[in-house]
Amino acid sequence: MKLRLHFVMDPMGWFCVSMVFAIWLYNSFFVPKLVLLPHFYEGNIPWALVVSYYLVSALCMVALFRASTADPGRLPPDPHIPHSEREQWEMCTKCNMKRPKRSHHCSRCGHCVRRMDHHCPWINNCVGEDNHWLFLQLCFYTQVLSLFTLALDFCQFYYFQPLTTLDQEAFMARHELALIRVSAIMGLVMFGGMSNLFYTQMAGVLTDTTTIEKMAHFSNEIGGSGGWSKKSWQWTLAEVFGTTWKILWFIPLRSRQPLTFPHHFRSHV
């Protein structure tokens with residue numbers, strides 16, 4: 001597996017990524033320290049719950065790193081254009097380069113991206129043809145991690161039994177209420193924001209319409225009529241994730257290859 005790293009030199013973008021990382025680090029440190037591990041050591045929760053939380057947290061972090069550093073589909077300076085596809089290419093008026101239709105020039109990154117959806121400051125990268133699947137994974141795992149955190153924060157106050165071995169003089173014990181409240185607020189904000197973003201992204205994928213096309217009102221001109229795509233949802237998602245194996249749709253540590261489909265879709269799982 002060969003993973004190419006792609007970095008955008010944007011101070012504001014790095015600041016936004018740092019904020020997202022700080023929220024992830026806060027909940028990945030304080031929630032296990034205050035809730036998961038103490039109750040596990042006292043036998044109140046099973047080990048599977050602890051492993052599940054750390055697994056979701058790790059997948060969320062990997063998806064963030066990959067979405068931030070993966071090439072979104074940047075066009076090379078001198079792209080090779082097959083003769084049969086020349087009618088599907090057009091000239092970019094900003095960088096004076098040939099590009100496939102549905103590509104877009106990102107003014108922040110300074111280059112054209114194939115099937116660009118939008119530029120996301122929270123990952124400091126464009127979301128395009130080659131990393132859209134990673135962005136969807138990031139939205140999904142952030143939702144799961146935020147909901148997991150909210151559930152643990154709720155159980156800490158209303159369900160779990162008081163801890164008997166807790167050092168009441170420790171900093172985290174003395175400020176437990178404030179720390180849990182901050183975690184709950186961040187969980188609510190992240191879950192609400194990511195749920196809305198994930199819904200709009202999935203709607204765009206299934207209707208074969210990018211965010212830029214929606215904003216520019218070009219959907220009727222390029223084939224996306226605003227209704228559901230004529231392709232099946234499995235076919236559509238397989239094109240985005242680069243594989244027909246559904247289990248791989250949830251794995252961020254892999255490479256993506258464009259698919260060439262036959263006339264029918266065959267599911268492997």
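## Packing of helices α3 and α5

The crossing of α3 and α5 is left-handed, a term used when the near helix is turned anticlockwise from the far one by less than a right angle. The model is predicted: local features need pLDDT of at least 70, side-chain atom pairs count only at pLDDT 80 or more, and totals for chains, interfaces and linings use all residues. Residues are numbered from 1 along each chain as its sequence is written, and side-chain values use heavy atoms, with hydrogens and water left out.

Two packed helices are described by the angle between their axes and the distance between the axes. For α3 and α5 the angle is about 145° and the axes lie 8 Å apart; axes are lines fitted to C-alpha atoms over the stretch in contact, and angles run from 0 to 180 degrees between N-to-C directions. The contact of α3 with α5 comprises 18 nonpolar, ten polar and two charged residues. Here Ala, Val, Leu, Ile, Met, Phe, Trp, Tyr, Cys and Pro count as nonpolar, Asp, Glu, Lys and Arg as charged, and the others, Gly among them, as polar.

## The cavity

The structure holds one cavity of 30 Å³ or more. On a 1 Å grid over the protein atoms alone, a cavity is a set of points where a 1.4 Å probe fits but cannot get out, and lining residues have an atom within 4 Å of a point. The largest cavity contains about 150 Å³ of space, the volume being the space filled by probe spheres set on the points.

Of its 15 lining residues, Ile23, Trp24, Thr142, Leu145 and Met190 are the closest to the centre. Helices α1, α2, α3 and α5 each give two or more residues to this lining, and α3 gives the most, with five. The lining has ten nonpolar, five polar and no charged residues.

Helix α8 (residues 233–241) supplies the largest share, four residues. The lining divides into eight nonpolar, six polar and ten charged residues.

## Helix α1

Helices are DSSP runs (H or I, at least four residues), numbered from the N terminus. α1 bends by about 50° at Pro32, the bend being the angle between axes fitted to the seven residues ending there and the seven starting there. Just after α1, Gly43 takes a positive phi of about 80°.

Key:
1 Å grid on protein atoms, 1.4 Å probe; cavity = no way out; pocket = protein on both sides within 12 Å on 5 of 7 lines; lining within 4 Å.
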